[in-house]
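Hello,

Here is the structure I said I would pass on. My notes on what was found in it follow below.

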Amino acid sequence: MIEAAELSKRYGAKTAVDGISFSVKPGQVTGFLGPNGAGKSTTMRMIVGLDNPSGGDVRVNGKHYAQHSAPLREVGALLDAKAVHTKRTAYNHLRAMAATHGIPNSRVKEVIEMTGLGPVAKKRVGGFSLGMGQRLGIACALLGDPHTVILDEPVNGLDPEGVQWVRHLAKGLASEGRTVFLSSHLMSEMALTADHLIVIGRGRIIADAPIKEILAGHGQTRARVRTDRPADLIRALAADGVSSQQFESDLLEITGADSRRIAEVALNHQILVYELTPLQASLEDAYMQLTSDEVEYHSHTLPQAGVTAGGGAGLQEGK
Amino acid sequence: MAHTATAPSPQGTTSHRRPTSGSGVNFARVLKSEWIKVTTVPSTMILLSITLVVMIGLSALFAWSMATSQASAESFTSSDPEIAAQLAATDYGEMALTAPSAGIIFGQLLIASLAVVLIASEWGTGMIRSTMVAVPKRIPALLAKNLIIAAIAFVVGAGAAFISYFVAQPLLAPEDIDFAITTDGVLLSIVNTGSVLALMAVIAMSIGALLRNTAGGVVTAIGLLMVLPIIVQIFSGLADWIPDAARFLPSSAGEAMVAVTTVEDGLTQWQGALVLGGWALVLLVLSLIVTKKRDV
């Protein structure tokens, strides 16, 4: 359980986190989503006491992080993939971290196996790929078998197999009743992993709701259609709120009509349809809609790069 | 405490009991962690080996120069009485007593560099975030690291001086200026070679923690230990208080600590220890306060 109350962080004149309140509950994966410079990493650093809040308060399991007598057994955090001395081996890094809590070497070997670091454990971290660095960070987070797990951009640099592994890991940890809080710039990934979503923009919380609610409230129905008469189908479907985009000579993406309606129209007009795939409303769309509201409500402030340039791939979290 | 009983289950993810009091952070554990950290980076062993070799080498060189000076002083006696009288006033035998600690000049620079590297590289590599997340109270981690580098510096310094004593004797023996380890002040000088390096290490590590930058830390530490005394020397003629104050520089205090006989107007061994200890304490406390308060 993570509870933030009116949490804020200012760096000089710049406000990175602007009085946010939220709680991250156990037993589910909570996603933390926001554009570049939105304050995600700063918030996570404040949770584990690396940064002191300028105002407000954040507690983990009822206490400030630093007040816990065994912090690594309460909270495991992956904050920065390379928070490791580059000249030290992965095994020695984990051994040094474990020693602070009297965690036995057997557990160190366990997390190395769990995260698939076995073949490189005795190599210096400086030579690690981004993905291996992430795995080491995750191994470190799991060292104390903590009740609360915080992962900042865990899938960054992982290969598809690694991405899937993190997804299963996060869901698995949550299903055991742990609190799982993870940020990711891959919103499709968030849609697959998170049960609950906290969206942050310019240091403020834009949305804090179950992911299904966010998708239902903001996404639009879309479907992919393959037909040999795309123009006829578009004409037949022409109605309020229906728009389409043609990708290939026979491939359309139709927004605003569900698959059943498309099928009915196609049947009525005797148009052959040989692919009809309902597309889930994308979190990206929902997210864009949320942040555009934010821009509207706060148009007196200068728009930030992350929000204005937030189209498509512009939502990547920087370091 | 029965912390093994609360150790994570083999699967690691099947259950999670609440942490118990025996499973937390304590100073002994932080000390062990810092020991692992210090001994698992290659720079530690490289710099310590260099320090040992350089210190013993310098002592040998110093002993050899004492012996040759003594020899030439004796040969001069018959030829030129005036110079001979002057040379006779120089007691090479007494100067040779400081041979074991002669390597301290460069030893302190090397140990200071190591101390800066050990702490500042944590910021340089991002390791400090892992350290501070594991030990969020921060002060125990920094204290443990200081304690370990101080202990290592003491062992290396005293060890080098001890070995140097035995290396120097055969070099001094031909001129009959070799001496017993039990000679007044010699053993204290050998032990204090270690003490000086230990205190210098704390000073340098505190500088490294304050600056959080390896290059800046090394330059500052060497500036304080080596360049500042030279600058003070240059300006010492300008005012009477300058040479007075110069005695309280870390390098002068260190020299006083390893001296076998106290120089006129100089600090005694114990006064030197107090001054150098004061420098170390003030900088250490400052670095602890700043590290505790600042964001990582």
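I start with two helices of chain B: α7(B) passes α12(B) in a right-handed crossing. A crossing is called right-handed if the near helix is turned clockwise from the far one by less than a right angle, and left-handed if anticlockwise. The axes of α7 (residues 139-172) and α12(B) come within 9 Å and cross at roughly 145°. Axes here are lines fitted to C-alpha atoms, for helices over the stretch in contact, with angles running from 0 to 180 degrees between N-to-C directions. Helices (H or I, at least four residues) and strands (E, at least two) are DSSP runs numbered from the N terminus. On the α7(B) side, I139(B), L142(B), L143(B) and N146(B) are in contact with α12(B) residues, including L284(B) and L288(B); contact means heavy atoms within 4.5 Å. By class, this contact has five nonpolar, three polar and one charged residues. Ala, Val, Leu, Ile, Met, Phe, Trp, Tyr, Cys and Pro count as nonpolar, Asp, Glu, Lys and Arg as charged, and the others, Gly among them, as polar.

This is a predicted model, in which local features need pLDDT of at least 70 and side-chain atom pairs count only at pLDDT 80 or more, while totals for chains, interfaces and linings use all residues. Residues are numbered from 1 along each chain as its sequence is written, chains are lettered from A and ligands numbered from 1 in the order in which they are written, and side-chain values use heavy atoms, with hydrogens and water left out.

Helix α12 (residues 269-293) of chain B also packs against helix α11 (residues 250-258) of chain B, at an angle of about 145° and with axes 7 Å apart. This crossing of α11(B) and α12(B) is left-handed. Among the residues that meet are A253(B) and M257(B) from α11(B), and L276(B) and W279(B) from α12(B). The residues of that contact divide into eight nonpolar, three polar and no charged.

Next, the two chains. Their contact takes 44 residues from chain B and 49 residues from chain A. Together they bury about 3,900 Å², 55% of it on carbon and sulfur atoms; buried area is the accessible area (1.4 Å probe) that two parts lose on being put together, summed over both. Between the chains there is one salt bridge, a term for a side-chain nitrogen of Lys or Arg within 4 Å of a carboxyl oxygen of Asp or Glu. The side chains of D295(B) and K9(A) form this bridge (2.6 Å, N to O).

Over all chains, 19 salt bridges are found. One of them joins R204(A) to D18(A), with the closest N and O atoms 3.1 Å apart. The pair links distant parts of the chain, 186 residues apart: R204(A) lies in strand β9 (residues 204-210) and D18(A) in strand β2 (residues 14-24).

Regards
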